[in-house]
Amino acid sequence: MLKIVAIGGGRFGWGNPPVDVVPLCQEIIHLSGKKYPRILFVPTASDDRLATVEMVKRLFVRRLGCRLDTLYLVKTKPAIAQIRKKVMASDVVFVWGGNTLKMMRRWKLLGVDKVLREAREKGKVLCGPSAGAICWFRQGNSDSRKFKNPKAKLIKVTGLGFIDALGCPHYDGERDRKPELKEMMKKTPGVALAMDNCAALEVVGDKARAVVSKPTAGVYRVYWKAGRYFQEKLPKGKWFDLNGLTRK
């Protein structure tokens, strides 16, 4: 059964308050069906940065009591058998944010995309913020070019296609997101699903809903139809047919 929690973004261990996504992380744990699930952290998009590993460990292990392993794919080049062993030993695959384009290229080079398709069939919870949200969609609204050129436009990055829509994180958190998504969708068939910081699209089987850790946060259906632009906020907590959400 498909299980995804695509998080728009938020504070996982910095700022004030230092953590504002705990309810979303608790929903991930609940979806796993385990009180203290085994979480596999995948920090590819952040170049396997150790600071992110420590931050996620503080949240999921010290605060929420889970067990954590890390799959390093940039600092090392593990064999496909090693990757599969780690993924299949986990209950949750938690993908970190960063450069989505670079991450997807690395995954395809190493065969991670194929292993994650198997993980989907096994009912592993697939989740994460930002790049860790985009990757589960058919395409994503990504700032990958900005890592080298801060003035670059947002681009479309191809994801794994588990959700047949374009995913957009940080919808309320970065000023470029809304106007550039609007322009991007003029040339993109179908629907975009945009997540504010502190909001996530939760998918279970063929159903989906918006879950939030901040009252003002939300998930939106965004699309063009007959020359008009639509932005529809999903009611929080209400389950919808996933195919219905991804169709105009």
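Colleague: Which residues does serine 130 touch, not counting residues up to four places away in sequence?
Modeller: Serine 130 touches Ile7, Gly8, Gly97, Pro169 and His170, where contact means heavy atoms within 4.5 Å. Please note that this is a predicted model, in which local features need pLDDT of at least 70 and side-chain atom pairs count only at pLDDT 80 or more, while totals for chains, interfaces and linings use all residues. Residues are numbered from 1 along each chain as its sequence is written, and side-chain values use heavy atoms, with hydrogens and water left out.

Colleague: Where is serine 130 found?
Modeller: Serine 130 lies in the loop between strand E5 (125-129) and helix H6 (131-134). Helices (H or I, at least four residues) and strands (E, at least two) are DSSP runs, numbered from the N terminus.

Colleague: Is serine 130 buried or exposed?
Modeller: Serine 130 counts as buried, because its relative accessibility is 13%. Buried means under 20% relative accessible area, exposed over 50%, and partly exposed in between (1.4 Å probe, protein chains only).

Colleague: Turning to H1, how many of its residues are buried?
Modeller: Eight of the eleven residues of H1 are buried, so H1 is largely enclosed by the rest of the structure. The buried residues are Val22, Leu24, Cys25, Glu27, Ile28, Ile29, Leu31 and Ser32.

Colleague: What do they pack against?
Modeller: The buried residues of H1 pack against strand E1 (3-7), helix H2 (50-63), strand E4 (92-95), E5, strand E10 (199-204) and strand E11 (207-212). Just after H1, glycine 33 takes a positive phi of about 80°.

Colleague: And what does glutamate 27 contact, leaving aside its neighbours within four places in sequence?
Modeller: Glutamate 27 is in contact with Glu202 and Arg209. Glutamate 27 belongs to helix H1 (residues 22-32) and is buried, with a relative accessible area of 16%.

Colleague: How many disulfides are there?
Modeller: The count is zero disulfides, a disulfide being a pair of cysteine sulfur atoms within 2.5 Å. For cysteine 25, the nearest cysteine sulfur is that of cysteine 127, 8.1 Å away. For cysteine 66, the nearest cysteine sulfur is that of cysteine 25, at 8.8 Å.

Colleague: What is the relative accessible area of cysteine 66?
Modeller: Cysteine 66 has a relative accessible area of 4% and is therefore buried. Cysteine 25 is buried too, with a value of 0%.

Colleague: A new topic: at what angle do the axes of H3 and H5 cross?
Modeller: The axes of helix H3 (residues 80-88) and helix H5 (residues 112-121) cross at roughly 30° and come within 10 Å. The two helices are therefore roughly parallel to each other, as angles under 35 degrees count as roughly parallel.

Colleague: Which residues make the contact?
Modeller: Helix H3 contributes Ile80, Ile83, Arg84, Val87 and Met88, and H5 contributes Val112, Val115, Glu118 and Ala119. By class, the contact has seven nonpolar, no polar and two charged residues.

Colleague: Finally, where is lysine 214?
Modeller: Lysine 214 is in the loop between E11 and strand E12 (219-225). Lysine 214 is partly exposed, with a relative accessible area of 32%. Not counting residues up to four places away in sequence, lysine 214 touches Asp172, Asn197 and Cys198.

Colleague: How many residues apart along the chain are lysine 214 and asparagine 197?
Modeller: They are 17 residues apart along the chain, and their C-alpha atoms are separated by 8.6 Å.

Conventions: Axes are lines fitted to C-alpha atoms, for helices over the stretch in contact, and angles run from 0 to 180 degrees between N-to-C directions. Angles under 35 degrees count as roughly parallel, over 145 as roughly antiparallel, 65 to 115 as roughly perpendicular and the rest as oblique. Ala, Val, Leu, Ile, Met, Phe, Trp, Tyr, Cys and Pro count as nonpolar, Asp, Glu, Lys and Arg as charged, and the others, Gly among them, as polar.
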